[in-house]
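User: I am new to this structure. Please walk me through it with questions and answers.

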Amino acid sequence: MIKSGKGAMASEGSTRAVLTALSANLAIGVAKFVAAAITGSASMLAEGVHSVADSANQVLLLIGGRRAKRPASVLHPFGYARERYVYAFLVAIILFSLGGLYAVYEGYHKIKDPHPLESPLVAVIVLVFAAALEGYALRTAVGEANRTRGKRDWLAFIRRTRNPELPVILLEDSGALFGLLFALVGVGLSVLTGNGVYDGIATLCIGLLLVFVAVLLATETKSLIIGESAVPEQVAAIESALLASPGVDRVIHLRTMHLGPDELLLAAKIAIGAHDEGREIAATIDDAEARVRTAVPSAKVIYLEPDIYHPDPV
């Protein structure tokens, strides 16, 4: 059985991870912009814009989560749960444009026209401070993800989870930590050599990293918007529940699609006895639906079509 509380826990955990990341990024962003103004570091400025992009992204995720809770309407009979996917896709676009492309632009110009940094110690202190906060935010997201990740590796979790918020936070925070490392190396080399070109190279690396993360997020979120099936464990649990129902001889075919992270649409054609009467068929379908909902509580919308099974002639 797929536990009933898991969907609610995942949703609450996602919100907690988003709020933690938002708080960290607001504080980090202010510190980075102050350091960029003092030092003239392009990588610090790119990191400040990165934090603004991340903060905007987390606000979008919170808005998407709130709007997804609206009740179904005549125009949207299956509800609005998929809005969480739409807002996650907007996050990828913002990360690509405001975060990645801006950093690439800044890095290119800094490489063409390098200049030495002023007060580099300020930049180092801010970068270490930012890394500590980003590490805390990432630790929170990892803890929430581990509740549902199971034995899957991180790439498999990001590709298979139907929850859009946790992969976004995990990738954003991981990218932010690598970006801070690039910025720290760029500032350090610029100070050691007296050549500001290293700061520009670090900024370019930050931009390329953010573009990569954004493309990965957009690819995975697009797949969710199109409509992904239940994970294999859920499909197996659904089939077992259907076959365990008295009166169901076999599952002829089964189709599933996520309406949202915690809402699953299920359509199946089930084989029944050739001589079953209407009352018996209705009882069989009711029992099968109840068993499926017990096994996989996220199966909110279930359509079962009874049929007589005719094996293909040899």
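Predicted model: local features only at pLDDT ≥ 70, side-chain atom pairs only at ≥ 80, totals over all residues.

User: At what angle do the axes of H6 and H7 cross?
Analyst: Helices here are DSSP runs (H or I, at least four residues; strands are E, at least two), numbered from the N terminus. Axes are lines fitted to C-alpha atoms, for helices over the stretch in contact, and angles run from 0 to 180 degrees between N-to-C directions. The axes of H6 (residues 165-193) and H7 (residues 197-226) come within 8 Å. They cross at roughly 170°.

User: Which term describes how H6 and H7 run relative to each other?
Analyst: Angles under 35 degrees count as roughly parallel, over 145 as roughly antiparallel, 65 to 115 as roughly perpendicular and the rest as oblique. The crossing angle of H6 and H7 is roughly 170°. The pair is therefore roughly antiparallel.

User: How many nonpolar residues are in the contact of H6 with H7?
Analyst: Ala, Val, Leu, Ile, Met, Phe, Trp, Tyr, Cys and Pro count as nonpolar, Asp, Glu, Lys and Arg as charged, and the others, Gly among them, as polar. The contact of H6 with H7 has five polar residues and one charged residue. The nonpolar count is 16.

User: How far apart are the axes of H2 and H6?
Analyst: H2 (residues 42-67) packs on H6 at an angle of about 170°. That makes H2 roughly antiparallel to H6. The axes are 10 Å apart.

User: How many charged residues does the contact of H2 with H6 have?
Analyst: Contact means heavy atoms within 4.5 Å. Residues of H2 including Glu 47, His 50 and Asp 54 meet residues of H6, among them Glu 172, Gly 175 and Ala 176. By class, this contact has seven nonpolar and six polar residues. The charged count is four.

User: Is Leu 61 buried or exposed?
Analyst: Leu 61 is found in H2. Leaving out residues up to four places away in sequence, Leu 61 touches Val 18, Ala 88, Val 91, Glu 165, Val 168 and Ile 169. Buried means under 20% relative accessible area, exposed over 50%, and partly exposed in between (1.4 Å probe, protein chains only). At 4%, Leu 61 is buried.

User: How far apart are the C-alpha atoms of Leu 61 and Ile 169?
Analyst: Leu 61 and Ile 169 are 108 residues apart along the chain. Ile 169 is also one of the residues that Leu 61 touches. Their C-alpha atoms are separated by 9.8 Å.

User: Where is the kink in H3 centred?
Analyst: H3 has 30 residues and reaches 43 Å, close to the 44 Å expected. The expected span is 1.5 Å times one less than the number of residues. The bend at a residue is the angle between axes fitted to the seven residues ending there and the seven starting there. In H3 there is a kink of about 25°, centred on Phe 96.

User: How far apart are the end C-alpha atoms of H4?
Analyst: H4 (residues 120-149) has 30 residues, and at 1.5 Å a residue it should span 44 Å. The model agrees with that, at 41 Å.

User: What is the relative accessible area of Leu 127?
Analyst: Leu 127 has its place in H4. Beyond neighbours within four places in sequence, Leu 127 is in contact with Met 44, Leu 180, Ala 183, Leu 184 and Val 187. Leu 127 is buried, with a value of 3%.

User: Is Ser 119 buried or partly exposed?
Analyst: Ser 119 is found in the loop between H3 and H4. Apart from neighbours within four places, Ser 119 is in contact with Ile 38 and Thr 39. With a relative accessible area of 40%, Ser 119 is partly exposed.

User: Is Leu 75 buried or exposed?
Analyst: Leu 75 lies in the loop between H2 and H3. Its relative accessible area is 71%. Leu 75 is exposed.

Terms used: Residues numbered from 1 in each chain as written. Heavy atoms only, no water.
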